[in-house]
Amino acid sequence: MSNIFSITLSIFLISSIFFHFSTALGGGVGGWTPINDLNALDMVAIGQFAVNEHNKEAGTRLEYQSIAKGESQVVAGTNYRLVINAKDGNYVRKYLAIVWDKPWEKVKKLTSFKQM
């Protein structure tokens, strides 16, 4: 019986250590992690989606330009927090957008979009 307890305790301690290291490095579930390639096709598509959805919801005519900064967060799907450069008339402005994506269910939703 004490052998089973020792094994269970060891597994718990090792798991705990790995969890703390992964969280400290930004890899834990729920933490925001920087996106390395902001020009990847899937990131550009999410940025364009955010601007297009905002245009539909707000009746604006912003034009997507690029992503200046991005982070992702693993939830029941993935949240993307993006700083997007978008043209508003003659001016390029920065916007903070959050998009929730659940690709295996083909669900994508703009949850926030505001000018910075």
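Analyst: Helices (H or I, at least four residues) and strands (E, at least two) are DSSP runs, numbered from the N terminus. This is a predicted model, in which local features need pLDDT of at least 70, side-chain atom pairs count only at pLDDT 80 or more, and totals for chains, interfaces and linings use all residues. Residues are numbered from 1 along each chain as its sequence is written, and side-chain values use heavy atoms, with hydrogens and water left out.

User: In what order do the elements of the protein run from the N terminus on?
Analyst: The secondary structure of the protein comes to 2 helices and 5 strands. From the N terminus on, these elements run α-β-α-β-β-β-β.

User: What is the mean pLDDT of the protein?
Analyst: pLDDT is the predictor's confidence in each residue, from 0 to 100. Over residues 15–26 pLDDT stays under 50. In the protein, 76% of the residues reach 70 or more, and the mean is 86.

User: How many contacts beyond four places in sequence does the model have for residues 15–26?
Analyst: A contact means heavy atoms within 4.5 Å. For residues 15–26, the number of such contacts beyond four places in sequence is 5.

User: Lysine 102: does it count as buried or exposed?
Analyst: Lysine 102 lies in strand 4. Buried means under 20% relative accessible area, exposed over 50%, and partly exposed in between (1.4 Å probe, protein chains only). Because its relative accessibility is 15%, lysine 102 counts as buried.

User: In strand 5, which residue is the bridge partner of lysine 102?
Analyst: Two strands pair if DSSP finds at least two bridges between them. Strand 4 and strand 5 pair in the antiparallel sense over 8 bridges. Leaving aside residues up to four places away in sequence, lysine 102 touches Ala76, Gly77 and Val107. Its bridge partner in strand 5 is valine 107.

User: In the hairpin of strand 4 and strand 5, which residue takes a positive phi?
Analyst: This hairpin has 4 residues between its strands. The residue with a positive phi, near 55°, is lysine 106.

User: How many bridges join strand 2 to strand 3?
Analyst: A hairpin joins strand 2 to strand 3 through 1 residue. Across the pair, lysine 69 stands opposite valine 83 in strand 3. The two strands run antiparallel, and the number of bridges that join them is 11.

User: Which residue in strand 2 stands opposite threonine 33?
Analyst: Strand 1 (residues 32–34) pairs with strand 2 in the antiparallel sense over 3 bridges. In strand 2, the residue opposite threonine 33 is serine 72.

User: Against which strands do the buried residues of helix 2 pack?
Analyst: The buried residues of helix 2 include Met43, Ile46, Ala50 and Val51. Valine 51 touches Ile84 and Phe113, among others. As a group, the buried residues of helix 2 pack against strand 2, strand 3, strand 4 and strand 5.
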